[in-house]
Amino acid sequence: MAYLLSNSIRVLNSAELYKASKPSKFANENRGLKSATSTRGRGPVSPVHKTQKLNLEVSPHRAVSAVRLMRIEFGGAFADLLNENGKGSGDNEMGYVKRTLGFRTRALDDRDLRLVTDIVGGTIRWRRYLDHLILALCHDENTFRSMEPLLLQILRIGFYEIVKLEMPPYAVVDENVRLAKVALRPGAGNMVNGVLRKLVLLKENNSLPLPTLEGNDRAQARALATLYSHPVWMVRRWTKYLGREEAIKLMMWNNSNPSFSLRANSGKGFTRSDLVMRLQMLKVPHDISPYLNDFVRIKTGMQIMMQAGLLKEGLCSVQDESAGLIVSVVDPQPGESIIDCCAAPGGKTLFMASRLSGRGVVSAIDINKGRLRILKEAAKLQKVDDVITTIHADLRIYADDNHVKSDKVLLDAPCSGLGVLSKRADLRWNRRWEDMEQLKNLQDELLDAASMLVKPGGVLVYSTCSIDPEENEERVAAFLLRHPEFSIDPVDKYVPTDFVTEHGFYSSNPVKHSIDGAFAARFVRSL
Ligand SMILES: C[S@@+](CC[C@H](N)C(=O)[O-])C[C@H]1O[C@@H](n2cnc3c(N)ncnc32)[C@H](O)[C@@H]1O
């Protein structure tokens, strides 16, 4: 499958998603995989009876969006089932469309690709809100709870297009009815027709059945969670730590279309000016990063940039400035030995390596062999492999067994990812409150291990892509209590003051800085 990228890398890298995603509680508690593959009502993977011919009635971007949403929601298990039914279909998206819907559509053009990205990303982000409306407009709760997954995806798409994209409503109704009829059966088309028409009327009368902010804290959190389409536990956590107003702003940011940054790969002699020139030639609108010399921001045109081969040739990488600023906190210098403790897939390793000008070494450790392989290949492509060594290991065991001491050690710890929810549209539904406790324990263990690799007088940087104080400041405080041999080195020398907290940590705030949320603390080990 061509990864149908235009502006949402994480949403679209579905192979990765299958592996990474845990079952979505919200989605799966009422409709499991069994119903996803049910043959009742000609379910999505029983298309034997259907024509395998090219279908020109259904708009291809809707068909592809519906199938991609199924794949994201049901993850690897769904993909595996498809493969059982037809080997080889997993390799390309049209294969999935054919297997799921029972027909092919014409190939997608650039406009279709952009629509798929918008619809899939938006429908995932707004899922709780959309499901609330769908449930309200169904005959009864049982109709909603027992709905075939493909039918539900078609309804979600229609609701999203009407309510959030504000597309011409009757065209949306017609198109989605047609999709339901062809992919499922005429009755399903009638159902979609009835529910979408009700929605159009309610929207025209400005009377969508939405919850109001009433009742106790819990009830209000539930209402906010529906209105801004996030899990209740996140709303409660953010209301506690940020206050309601900031929590709402954060949720609005998470629901907006993400923009991306590109890092010119100076390791390959390709400068930001070179990148700017190439983007100008490709007519891709861009802005220079105000924070980092190698970075350029783009809101649209990712597809064009990829088609032009800039990523494939290793001339630049997609990297958020929040991650680039963590490398600024490490401040790699030529000749240094650096250990990147949780390195894969390598965004920060590669950037650090490019800063060494061919002198020094970055040892990239990771427990995940597959992701480490991606890092290795990217290092070759970007011509920084001469200063990178990869080590496949559990950091905790590695640190116990090896008595290496480095100038600098970066621990970019596994975390909730609560700072990157605008890019990782599905992550909010996969993260559970219980994950936080497990993650905090792991972060403490990894910090202890990473600290063993720092030479006297050396530097340790702890970072996350989370905005959660329990994963950030609290972990730092706990670490300092356990390790009096380390002290805080304030980061104001390394990043713009706007990112420096009162305790001398680096913190990027999506709402304030319009980049992903991230955190870093820099420690120095006593001599
Ligand atoms: C936040 S990601 C790192 C992202 C990376 N630094 C980058 O910039 O691309 C966390 C990584 O920690 C790795 N990891 C988790 N537990 C680990 C362990 N016990 N030892 C080593 N790596 C681990 C995961 O495989 C994952 O690749």
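Visitor: Which residue stands opposite Arg 297 in β3?

Guide: Asp 287 stands opposite Arg 297 in β3. This is a predicted model, in which local features need pLDDT of at least 70, side-chain atom pairs count only at pLDDT 80 or more, and totals for chains, interfaces and linings use all residues. Residues are numbered from 1 along each chain as its sequence is written.

Visitor: What counts as a strand, and what counts as a pair of strands?

Guide: Strands (E, at least two residues) and helices (H or I, at least four) are DSSP runs, numbered from the N terminus. Two strands pair if DSSP finds at least two bridges between them. Here, two bridges join β2 (residues 287-288) to β3, and these strands run antiparallel. Ile 288 stands opposite Val 296 in β3. A hairpin is formed by β2 and β3, with six residues between them.

Visitor: How many bridges join β1 to β3?

Guide: Four bridges join β1 (residues 260-264) to β3 (residues 295-298), again in antiparallel fashion. Arg 263 has Phe 295 as its bridge partner in β3.

Visitor: What is the order of the strands in the open sheet?

Guide: The order of the four strands is β2-β3-β1-β4, with antiparallel pairing. β2 and β4 (316-318) stand at the edges with a single partner strand each, so one side of each has no neighbour in the sheet.

Visitor: How many residues surround the ligand?

Guide: A residue is near a molecule if its C-beta atom, placed from the backbone, lies within 6 Å of it. In this model 18 residues surround the ligand, and Cys 342, Gly 347, Asn 368, Leu 395 and Asp 412 are the closest. At least two residues of the shell come from each of α19 (347-355), β6 (361-366) and α21 (395-401).
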